[in-house]
Amino acid sequence: MITNIPGYPRIGSQRELKKACENYWAGKISLEKLELTARQLRKQHWETLHQAGIDLIPSNDFSFYDQMLDMSMALGVIPARFQDLQRSFANPHCLELYFAMARGYQKNGFDLTALEMTKWFDTNYHYLVPEFDDCQTYSLQCRKSIHEFKEALQQGIRTKPVLIGPVTYILCGKIKSAGITRQALLSRLLPAYIELLTALREAGAEWIQLDEPSLVTDLEPADTALFQLAYTAIRQALPHQQLLLTTYFGGLEDNTQLALQLPVDALHIDLVRAPEQLDDVLAALPDNMQLSLGVVDGRNIWKNDYTISIALLRRATAAIGEQRVMLGTSCSLLHVPYNLDDETSLDPAISQWMAFAKQKVGEVAALKQILSGDEALLTINQQMMDSRRTAPGIHVPAVKARLAAITEADFSRPLSFAARQALQQEKLQLPLLPTTTIGSFPQTVEIRQLRSNLKKGYITQEQYNHDISTAIREAITWQEALGLDVLVHGEFERNDMVEYFGEQLEGFVFTQNGWVQSYGTRCVKPPVIYGDVWRPYPMTVDWSRYAQSLTDKPVKGMLTGPVTILQWSFVRNDQPRMDTAFQIALAIRDEVKDLENAGIAIIQVDEPALREGLPLRKKQQGIYLEQAVNAFRLSVSQVQDSTQIHTHMCYAEFNDIIAHIAAMDADVITMETSRSQMELLEAFAQFRYPNETGPGVYDIHSPRVPGVTEMSKLLHKAATLLPVRNLWVNPDCGLKTRKWPETEMALRNMVQAAREVRKELA
C-alpha cells in the first residue's frame, strides 16, 4: 500500500522562514541567505518524510509567501499594474516582483497595491487572489516547481510535485476585464499548464499532484465543463504521466461522477471530513484508477483513532484490492504545527492525545504497519483513546447546565437598531464619519520583550503593569493628538487576539511552538480546546477602565467573538463544535457585561472568522449561519441599548451571507474593503444594510502608506453606496503587524481625509 502526504508545513518549526523573509525585507540579510534558509527547510522536510517511509513525498508545497501566488508567477499571471515594475527588474521573475505582488510596492517611483487576499476555502489560511486581465500573456515563466523537484532528486529523493489544479486556480481568482469567460481563460492558461507539466515529466517526475478542492463545492454546469476541458487536454498532451487528483475539506457528493470520469491515474478523497463518501466512490471507481484515502486529520491536532481509520481502509481494500489503495492525510499538513516533541511544557495527560505534523506522518506509517499485522500499535492507540474519554476536567456539569438553560430572550436586545442608534448618538456625541482604528497598535520588540520577561519571571507583575500602563497612556495621548474620535487602548498586553483570551478561560491549553501559517509571514499559535469552557474572572476590564480614565473621548472595549475563538483554535472533537462555541459565547457575555458596568460605552466583539466556518456546500450553510449568528448575539445581547456594540470582519466574501451579517444586529460593523476598492460595499448597498458600517480605507497588510486623496476617493465611493450618517472611517484591520512611523503617517492621512470629506458631505 502506497503512503501519500499531500503537503507539509513550510515555515520551519521555529518560524525560520518567517524570520528570514522579514530580515530580507528589512535589508538585514541578502537574497542568498534567504534562499539558503529555504533550501535548508526543504531538505529537512523531505528527509523527515523519507525517514518515516512515506512513498509519495511532496515538493513545491514550499512557498516563500503563498502557493496560489506561486502558481500565478509560474504561469505569468501578472496584473497590468505590475508589468512596468516587472520590466524594470533585470530578472523579470525575481522574488522582488513576487513580494511586491504579495505586499504592495512603494519605492523607485512606483506606488502599487498588493493583490487581494482572502481565505482558502474554510481555513484560516489566506491566499493571494489571482487577477486575470486582457493585458496578460500566459506561458511558463517561473520554474520554481521544477527546480525544487531537481533539488530533492539531488538528495536522492524522488518527490511528487504539487500544483494547484487549473480549475480551482481559475475559480479562486477574479476576472478583471469585461468579456473574458472562464472557459476562454482556461483555454489561454492550459498551454502554460501543459508546458509546466511537461517540464516536470522531463525532469523525472513519476507522479504529479493536482489540487482541486473546488470539487467538494457546489459547481455550476459551466464549471464542471471546465474540469472536463482541462483534464482532457492535459491527458492528450501527457498520455503517460501519472496524475494524482487531490480533493479535500469535504465530500465529492454530486461531483463524484465528474471526478471519477476525469482521465487521471489516482483520486485523493478526504475521509476525515466526509467518511460517508467512501462507498459511493468505491462503487463507481474505474478499474484503471487508484484511490488515495485521507484518513489522518490534516486540520486538527488530535491523535487518530486507528480503529476508525482501519475500518475505512479495510473496506476499500476489500472492494478494490490493496494495490490500488493509497493511505495518507486528509489534506496538506500546512494547517497543523510541526512537531509535538518540541512541546516540553504541555500537561502530559493532555499532550498524549495530540499529534502534530511529524506525528501525523508517523500515524500514516503506523496504519500501514497495523494493516500488515502489527496489532500492538492498535492496542496502544486504543488505550490512549480510552484515557481521553474518561479523563477528569473535560466535562464540567455547571457549564453544561448553564448552556441548557439558555432561552430565546438571551439572543436579542430590547430595542430595534433605529431606536438604539438615537440613544447612542445622544450618549456618544460623535461627528459625521467618526474615525477609529480596529483595536491593536504596533507590537514593538520592546512590548513583546516585556511580555516575555514577565512570563519568564525576569520582572515583577508590578513592573509589568507600570510599563503597560505607560504604553496605554502614551497611545491615548497620541490618538487624541491625531484627532481620532473613538480611541482604543492598543492591546499591548495581548500576544494574540485568540490566545490572550484562551489563556484566561478554563478548558484551554497552549503550546510553546505550535505555530501555523495564516498568511505570508504571519504565523499564529492556535489554542487547544480540550474541555468545557468557562470564565473564572474578568479578562480585560482593568486595562479598559484605565484607558477610559485617561480621556473624555470614548475608548472601545476590545474582545474576540465566540466563533472566531472557535475557528482559530484546535477544537475538541468529542462534542459538536457549536456546543463549544456557545460555551465560549457565555464566557464572552460575562466579560461584555463587566465592561459595561465599568463605564465602557463602546464594546467591540470581533468576528473575522464567522464566514470562515461556513460549510462549503450551500445545503449545510443555513444551520451553521443561524448558530454562528446566535453565538454572537448571545455574547452581546444583555447590554443596555445605549451601549454601542461593534464587530469586525475581514478577508472573506460576504455577499452571499449579508442577510446573516445583518441578523447579527451589531450597531457598527467594520470590515476589510480597501484591497477590493470598496467592492464589498455594493452587496451592503443592494441589501440596504440597516446598521452602521466602517469600510476599511487602507490596507494594513501592506507597508505602503496611502495618501489623503486615495482614502478620500474611497470614502466618496462608500458615501454613494450607503447613508453617510451610517459610515465610519477606519483601517481595514488591526495595526499589530505594522511599524509606528507608517502607522502614524497612514492614520494622520486617514483623519485628514475624513475631515475633508466630512466638510464636503455635511
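Modeller: Directly after α5 comes glycine 104, and its phi is positive, near 90°. The model is predicted, so local features need pLDDT of at least 70 and side-chain atom pairs count only at pLDDT 80 or more, while totals for chains, interfaces and linings use all residues. Numbering starts from 1 along each chain as its sequence is written, and side-chain values use heavy atoms, with hydrogens and water left out.

Helix α5 spans residues 95–103 and is largely enclosed by the rest of the structure, because 8 of its 9 residues are buried (under 20% relative accessible area, with a 1.4 Å probe and protein chains only). Helices here are DSSP runs of H or I with at least four residues, strands are runs of E with at least two, and both are numbered from the N terminus. The buried positions of α5 are Leu95, Leu97, Tyr98, Phe99, Ala100, Met101, Ala102 and Arg103. Among the elements that cover them are α1, α2, α3, α4 (83–88) and β4 (126–128).

Two of these covering elements also pack on one another. Helix α1 (residues 16–25) and helix α2 (residues 31–51) meet at an angle of about 170°, and their axes are 9 Å apart (axes are lines fitted to C-alpha atoms over the stretch in contact, with angles from 0 to 180 degrees between N-to-C directions). That angle makes α1 roughly antiparallel to α2, a label for angles over 145 degrees. On the α1 side the contact is made by Glu16, Leu17, Ala20, Cys21 and Tyr24, and on the α2 side by Leu31, Leu34, Thr37 and Leu41 (contact means heavy atoms within 4.5 Å). By class, this contact has 7 nonpolar residues, 1 polar and 1 charged; Ala, Val, Leu, Ile, Met, Phe, Trp, Tyr, Cys and Pro count as nonpolar, Asp, Glu, Lys and Arg as charged, and the others, Gly among them, as polar.

The whole structure holds 8 cavities of 30 Å³ or more (a cavity is a set of points on a 1 Å grid over the protein atoms alone where a 1.4 Å probe fits but cannot get out, and lining residues have an atom within 4 Å of a point). The largest cavity has about 510 Å³. Of its 30 lining residues, Met497, Arg522, Trp568, Cys733 and Gly734 lie nearest the centre. Strand β17 (556–560) is one of the elements that supply at least two lining residues there; β17 gives the most, with 3 residues.

Last, two individual positions. Threonine 437, in the loop between α17 (417–428) and α18 (445–456), is buried at a relative accessible area of 0%. Not counting residues up to four places away in sequence, threonine 437 touches Leu484, Val486, Val488, Lys556, Pro731, Leu735 and Leu747. Glycine 694, in strand β22 (residues 692–695), is likewise buried at 0%. Its contacts beyond four places in sequence are Ile669, Thr670, Met671, Trp728 and Asn730.

Conventions: Parallel < 35°, antiparallel > 145°, perpendicular 65-115°, else oblique. 1 Å grid on protein atoms, 1.4 Å probe; cavity = no way out; pocket = protein on both sides within 12 Å on 5 of 7 lines; lining within 4 Å. Points joined across faces, edges and corners; volume = space filled by probe spheres on them. Buried < 20%, exposed > 50% of the residue type's maximum accessible area, 1.4 Å probe, protein only.
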